[in-house]
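Here is a short briefing for a reader coming to this structure for the first time. Start with the overall layout, then turn to one helix.

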Amino acid sequence: MTASRSLGAVVMPPDVGTAVRQEHDHDITAPVLTYHRPRRDWVFIVGPGSGSTLGTAARTALHRAGVRVLTEGQQVWLPMSDQPLTWYWIWPPTTAQALPSRSTVLTTASRQLLTGRR
């Protein structure tokens, strides 16, 4: 998959990803994938950004925690099998119509980091 303005990815460490999924267990239906190695980053597949921009403190917290947004044109390797031997789905896609916005995922991650709830 190639990141674009309408389809992208937010990459984060597993502990931040777990906190984001737990906070929005039913609200964020983002497909999440990772690579079969210890402590490998999680990749949230997201739709376009929407809503307000993040403040300086939130952007700093995300950067320090290793959360990043893939820029337009960067590649995401999607899983090619159901076996977790290489890239695999932590949460597979359930529908192509319900991707959360990039902003929703980033706002949730920054809230987790700034409040220390992970």
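**Layout of the chain**

The chain has three helices and five strands. From the N terminus on, these elements follow the order β-α-β-β-α-β-β-α. The model is a predicted one.

**Burial and surface**

- The chain has 118 residues, and 39% of them count as buried.
- Its accessible surface comes to about 7,100 Å².
- Carbon and sulfur atoms account for 53% of that surface.

**Contacts along the sequence**

- Take the contacts between residues at least 6 apart in sequence: 83% of these join residues at least 24 apart.

**Helix 2: the buried side**

- Helix 2 spans residues 56-65, and its buried residues are Ala58, Ala61, Leu62 and Ala65.
- Down the axis of helix 2, these buried residues fall within an arc of 100 degrees, so they line one face of the helix.
- The general rule behind such a pattern is that an α-helix has 3.6 residues a turn, so residues three or four places apart point the same way.
- Cover for the buried residues of helix 2 includes helix 1 (14-23) and helix 3 (102-115).

**Helix 2: the other side and the end**

- Thr56, His63 and Arg64 are exposed, and they sit on the face of helix 2 turned away from its buried side.

Conventions. Residues numbered from 1 in each chain as written. Predicted model: local features only at pLDDT ≥ 70, side-chain atom pairs only at ≥ 80, totals over all residues. Heavy atoms only, no water. Helix = DSSP H or I, 4+ residues; strand = E, 2+ residues; numbered from the N terminus. Buried < 20%, exposed > 50% of the residue type's maximum accessible area, 1.4 Å probe, protein only. Contact = heavy atoms within 4.5 Å. Areas by Shrake-Rupley, 256 points an atom, 1.4 Å probe, with all protein chains shown as cover. Arc of directions from axis to C-beta.
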